[in-house]
Amino acid sequence: MRVVVGLLLLLLALCGSGAQGEGGGLGQVGEISQFQETAPRDAAEESTKQTTEQTTTDIWAEVRALRDMVVELKVELRNTEARVKDSESQVNDLKAELMVTKVHVELLQRENSVQATDLLSLGTRLTATESKTSDLEKENADLQTRLSSSESELLLSKSRIDQLERENTERPKVAFYTALTDAGPLGPYNTDITLKYSKVFTNIGNAYNPATGFFTAPVKGVYYLQFIVCGNLRGLMGVYVYKNNQRIMYTAEWKEEEGLEYFTKSVVLELMAGDEIHLVLPSGYSVYDDANNHSTFSGSLLFTL
């Protein structure tokens, strides 16, 4: 802008000096014309005149060119001023847009600050949740381990139960319960007699034979045997216990008077398969039984061997 103004001032100065030269030249021409009319000039003066006229013509041409240049510069100056105004308007618009952008940025910064706070809070909650999740995973792993252990123990227990059930199913079941007679007193006799407990209430495994009075062990094992002896007459009451042909127990009591009297005995015996147990009434002894089952003989297999 300053360069354009300087050029304009220079052109105006040139225009002023050109105008003054143009006026002086015209006066000189008039004087020369008058002088030519009044007196002849020598050859040197004529040459100077021609040079002066030529110079004057060139100055005017230069002045006109400068004037045209000034006009063009004025037009360009006006265009430049218009562009400057447009630029200033654009600058103002940009400033306004910049202010709006700045406000928007501040709003975004505030929102970002709030979001950062929320994000921090969410991060804290996420960390707590991750910690709780880790604890739950550990607890779940422990529970899974315990569950696996419990399942293993359950499988072992089930296997053991199945084994016991198989053993129980395969194991012979032996149990019997009998009573002697409904006839009342037996004895005393002059000889030993085998007692046949004819009233059979239980005979699982059919190990007891009421026709012979013998219990025969079906398998090798440990057996529990019990007998109840009842007497009604005055005198001796009792029995022998035989294993096969060997007496293994003798039990007896003396009754001072008539009336029912009892004693109970039991044994636990290891028997081989085929061993026999029976009770014998000794000679001179008596026992008693009737429909109320006072004298009984019973037993069962405890376990096999």
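Guide: A nonpolar patch is made of residues with over 30% relative accessible area and no salt bridge, their nonpolar side chains joined within 5 Å. The model here is predicted.

Visitor: Which residues form a nonpolar patch on the surface?

Guide: Y224, V268, L302, F303 and L305 form one, with about 450 Å² of accessible area together. V268 belongs to strand β10, residues 261-271.

Visitor: Why is V268 called exposed?

Guide: The relative accessible area of V268 is 52%. Exposed means over 50%, so V268 is exposed.

Visitor: What makes N232 partly exposed?

Guide: N232 has a relative accessible area of 24%. Buried means under 20% and exposed over 50%, so N232 falls in between and is partly exposed. N232 sits in the loop between β7 (221-231) and β8 (235-243). Beyond four places in sequence, N232 is in contact with K255, E258, G259, L260 and Y288. The C-alpha atoms of N232 and P185 are 6.9 Å apart, although the two are 47 residues apart in sequence.

Visitor: Why is D290 said to have no salt bridge?

Guide: The nearest side chain of opposite charge, K199, is 6.1 Å away. A salt bridge needs a distance within 4 Å, so buried D290 has none.

Visitor: What makes the pair D290 and H294 a polar contact?

Guide: Their side chains are joined at 3.1 Å. The cut-off is within 3.5 Å, so this distance qualifies. D290 itself lies in the loop between β12 (287-289) and β13 (296-304).

Methods. Residues are numbered from 1 along each chain as its sequence is written. This is a predicted model: local features need pLDDT of at least 70, side-chain atom pairs count only at pLDDT 80 or more; totals for chains, interfaces and linings use all residues. Side-chain values use heavy atoms; hydrogens and water are left out. Helices (H or I, at least four residues) and strands (E, at least two) are DSSP runs, numbered from the N terminus. Buried means under 20% relative accessible area, exposed over 50%, partly exposed in between (1.4 Å probe, protein chains only). Lys and Arg count as positive and Asp and Glu as negative; His and the chain ends are not counted. A polar contact is a pair of N or O atoms within 3.5 Å; within protein, one must be able to donate a hydrogen and the other to accept it, and residues adjacent in sequence count only if both atoms are side-chain atoms. Patches are made of residues with over 30% relative accessible area and no salt bridge: like charges are joined within 9 Å, nonpolar side chains (Val, Leu, Ile, Met, Phe, Trp, Tyr) within 5 Å. Accessible areas come from the Shrake-Rupley method with a 1.4 Å probe; for residues, only the protein chains shown count as cover. Contact means heavy atoms within 4.5 Å.
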